[in-house]
Amino acid sequence: MVFTKLVWLTITGAIDEILCFPSLLLAKTFNIWELSVGCAVASCLVLLIIVFFLRQCRPLVDWLDSIPLYAVVC
């Protein structure tokens, strides 16, 4: 259950990044496929870091869990 929530939050964050990239598309710096693949790779890296490295440091995870969601969104 927690892992599924973590995956959805990571994907949502990646979609948010895609919304910030229209200027790169309009300037023809990257095409849509390059941005999509880059965003997918970045979200997978974040997910791997969280799953494999952050869970080994339990006090840090507990502290991050204590931060209210509205503070993170703001």
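**Close-up views of a helical chain**

**View 1. The buried side of helix H3.** Leu35, Cys39, Ser43, Leu47 and Val51 are the buried residues of H3. Around the axis they take up an arc of only 130°, which puts them on the same side of the helix. Keep in mind, here and in every view that follows, that this is a predicted model. What about the length of H3? The helix runs over residues 32-53, 22 residues in total, so at 1.5 Å a residue it should span 32 Å. Its end C-alpha atoms sit 31 Å apart, which agrees.

**View 2. The other face of H3, and how the helix starts.** Turned away from the buried side is a face with the exposed residues Trp33, Val37 and Phe53. Trp33 also turns up at the start of H3, where its backbone nitrogen has a side-chain oxygen of Asn31 within 3.1 Å.

View 3. Which residues make the nonpolar surface patch of about 700 Å²? They are Val37, Val41, Leu45, Leu48, Ile49, Phe52 and Phe53. Take Val37 as an example: it belongs to helix H3, and with a relative accessible area of 52% it counts as exposed, because the cut-off is over 50%.

View 4. Lys28 is in the loop between helix H2 (22-26) and H3. The thing to look at is its backbone: phi is near 60°, a positive value in a residue that isn't glycine. For context, most residues other than glycine have a negative phi. Is Lys28 buried or exposed? Its relative accessible area is 73%, so Lys28 is exposed.

View 5. The structure holds 1 salt bridge, and it pairs Arg58 with Asp62. The closest N and O atoms of the two are 3.6 Å apart. Both residues are in helix H4 (residues 58-66), and being 4 residues apart, they are separated by about one helical turn. Asp62 has a relative accessibility of 39%, so it counts as partly exposed.

**View 6. Stepping back to the whole chain.** Once you zoom out, the secondary structure comes to 5 helices and 0 strands, in the order α-α-α-α-α along the sequence.

Methods. Residues numbered from 1 in each chain as written. Predicted model: local features only at pLDDT ≥ 70, side-chain atom pairs only at ≥ 80, totals over all residues. Heavy atoms only, no water. Helix = DSSP H or I, 4+ residues; strand = E, 2+ residues; numbered from the N terminus. Expected span 1.5 Å × (residues − 1). Buried < 20%, exposed > 50% of the residue type's maximum accessible area, 1.4 Å probe, protein only. Arc of directions from axis to C-beta. Polar contact = N/O pair within 3.5 Å; in protein donor to acceptor, adjacent residues only side chain to side chain. Patch = residues over 30% accessible without salt bridge, like charges linked within 9 Å, V, L, I, M, F, W, Y side chains within 5 Å. Areas by Shrake-Rupley, 256 points an atom, 1.4 Å probe, with all protein chains shown as cover. Salt bridge = Lys/Arg side-chain N within 4 Å of Asp/Glu carboxyl O.
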